[in-house]
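Hi,

Here is the model I promised to pass along. Have a look at it, and then read on for what turned up.

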Amino acid sequence: MTDSGRQVLFLSHAAPEYAICRRLKDAIEAAFLGGVDVFVSSDARSLPPGSRWLPTITEKLTAARLMMLLASPASVPRPWLNFEAGAAWIRGIDVIPICHSGMTVSALPSPLSELTAITLSDPEGLRG
């Protein structure tokens with residue numbers, strides 16, 4: 001939980017995919033009427049200019065109750081994305097890979113393939 005008492009959802013993504021991540025963040029916040037703190041490291045509302053980014057990311061990873069990971073062919077090989085997913089995995093919180101931009105659930109590499117993933121363009125998967 002955060003100081004506001006809201007649950008933290010950590011949304012992990014590759015920086016070039018910020019536009020997709022921002023739309024997902026906005027949709028989650030609207031769906032939960034602002035009752036959840038969706039942390040996105042590249043978003044100035046989550047990490048304001050001048051913030052010490054590494055301690056803030058560490059704090060949010062520690063507070064998170066759920067991680068959603070935007071998984072694309074470009075993002076999955078990135079070390080930082082895997083570092084964040086590993087931190088959540090070790091903490092025992094759920095990590096949900098969200099496949100997009102050509103990534104399929106069946107193409108996720110290990111260990112991400114060990115997690116139940118969804119496809120962003122599949123409405124049924126998003127309802128689950």
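Let me start with Asp-43, which is buried, with a relative accessible area of 3% (buried means under 20% relative accessible area, exposed over 50%, and partly exposed in between, using a 1.4 Å probe and protein chains only). Before going further, the housekeeping: this is a predicted model, so local features need pLDDT of at least 70 and side-chain atom pairs count only at pLDDT 80 or more, while totals for chains, interfaces and linings use all residues. Residues are numbered from 1 along each chain as its sequence is written, and side-chain values use heavy atoms, with hydrogens and water left out.

So who does Asp-43 pair up with? Its side chain meets that of Arg-22 in a salt bridge (2.9 Å, N to O); by salt bridge I mean a side-chain nitrogen of Lys or Arg within 4 Å of a carboxyl oxygen of Asp or Glu. That pair links distant parts of the chain: Arg-22 belongs to helix 1, Asp-43 to the loop between strand 2 (36–39) and helix 2 (53–63), and they are 21 residues apart. Helices (H or I, at least four residues) and strands (E, at least two) are DSSP runs, numbered from the N terminus.

Arg-22 is partly exposed, at a relative accessible area of 24%. Arg-22 also has a salt bridge to Asp-26 (3.1 Å, N to O). Both of these sit in helix 1 (residues 18–31), 4 residues apart, or about one turn of the helix. Asp-26 is partly exposed too, with a relative accessible area of 34%.

Then there's Glu-29, whose side chain forms a salt bridge with that of Arg-45 (3.9 Å, N to O). This is another link between distant parts of the chain, with Glu-29 in helix 1 and Arg-45 in the loop between strand 2 and helix 2, 16 residues apart. Salt bridges that share partners tie Arg-22, Lys-25, Asp-26, Glu-29, Asp-43 and Arg-45 into one network. Searching the whole structure gives 8 salt bridges.

Lys-25 deserves a look of its own. Lys-25 is in helix 1 and counts as buried, at 3% relative accessibility. Its side chain makes a polar contact of 2.6 Å with that of Asp-43 and one of 3.0 Å with that of Ser-46. (A polar contact is a pair of N or O atoms within 3.5 Å; within protein, one must be able to donate a hydrogen and the other to accept it, and residues adjacent in sequence count only if both atoms are side-chain atoms.)

Cheers
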